[in-house]
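Work through these exercises with the structure open beside you. Try each task before you read its solution.

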Amino acid sequence: MSSADKIDRRQLLLGGTAALMAQLGAADADAQDAARTAPGAYRVVFENDDLRVLEFVSRPGTVLCGVGKHSHPAHLTVALSDARVRVTLPDGRQIEGANKLGDVFWSEAETHEVENISGRNVRALIVELKTGKA
């Protein structure tokens, strides 16, 4: 395995903070696809008929995984860095949370706003399941 393969595999196994502490919220009609609301922060690293893998980078004090209220389908998040976040839920409640490099967690479909309060860049991978599959 080349060093580039090792790095890519490590990133896949280590990424994702976008949905940290975000709780399930029904997809709101006003919410948008996070990849469309923040295309400069996202890079599609893989996509097929079943899933989409997004890598993103967030600077301190900026939104973490999309601009404003946005939605994610069911997804696996893999943290590529430590992170502290402030999540605003659809009902306006705010939750602060943290994760460590290498944390991996599952989230059902959700709508939220997430702010990077880490004081450093945050990197993550989001592996999104595409809906409508039998």
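**Exercise 1. Confidence**

Task: Find which element of this predicted model has the lowest mean pLDDT and which has the highest.

Solution: 
- Start with the whole protein. The average pLDDT is 74. A score of at least 70 is reached by 66% of the residues.
- Now go element by element. Helix α1 (residues 3-14) has the lowest mean, 46. Strand β7 (residues 94-99) has the highest, 93.
- Then check the stretch of residues 6-31. Its pLDDT stays under 50. The model has 98 contacts beyond four places in sequence for these residues.

**Exercise 2. Strand β9**

Task: Then describe how strands β4 and β6 are joined to β9.

Solution: 
- Count the buried residues. The cut-off for buried is under 20% relative accessible area.
- Take strand β4 (residues 70-72). It is joined to β9 by 3 bridges, and the two run antiparallel. In this pairing, His72 stands opposite Glu110 of β9.
- Thr88 has Glu113 of β9 as its bridge partner.

**Exercise 3. Asp103**

Task: Locate Asp103. Is Asp103 buried, exposed or partly exposed?

Solution: 
- Asp103 is in the loop between β7 and β8 (104-107).
- Read its accessibility. The value is 29%, so Asp103 counts as partly exposed. That class lies between the cut-offs of 20% and 50%.
- A polar atom of the Asp103 side chain lies 2.8 Å from the backbone nitrogen of Lys100.
- Compare sequence with space. Asp103 and Ser81 are 22 residues apart in sequence. Their C-alpha atoms are 8.9 Å apart.

**Exercise 4. An aromatic pair**

Task: Classify the ring pair formed by Tyr42 and Phe56.

Solution: 
- Know what to look at. Two aromatic rings are described by the distance of their centres and the angle of their planes.
- Count the pairs. There is 1 aromatic pair.
- Apply both values. The ring centres of Tyr42 and Phe56 are 5.6 Å apart and the planes meet at 45 degrees, so the pair is tilted.
- Tyr42 belongs to strand β2 (residues 42-47) and Phe56 to strand β3 (residues 51-58), so the pair ties together parts 14 residues apart in sequence.
- Finish with accessibility. Tyr42 and Phe56 are both buried.

Notes. Residues are numbered from 1 along each chain as its sequence is written. This is a predicted model: local features need pLDDT of at least 70, side-chain atom pairs count only at pLDDT 80 or more; totals for chains, interfaces and linings use all residues. Side-chain values use heavy atoms; hydrogens and water are left out. Two strands pair if DSSP finds at least two bridges between them. Helices (H or I, at least four residues) and strands (E, at least two) are DSSP runs, numbered from the N terminus. pLDDT is the predictor's confidence in each residue, from 0 to 100. Contact means heavy atoms within 4.5 Å. Buried means under 20% relative accessible area, exposed over 50%, partly exposed in between (1.4 Å probe, protein chains only). A polar contact is a pair of N or O atoms within 3.5 Å; within protein, one must be able to donate a hydrogen and the other to accept it, and residues adjacent in sequence count only if both atoms are side-chain atoms. Rings of Phe, Tyr and Trp (its six-membered ring) pair if their centres lie within 6.5 Å; planes under 30 degrees apart count as stacked, over 60 as edge-to-face and the rest as tilted.
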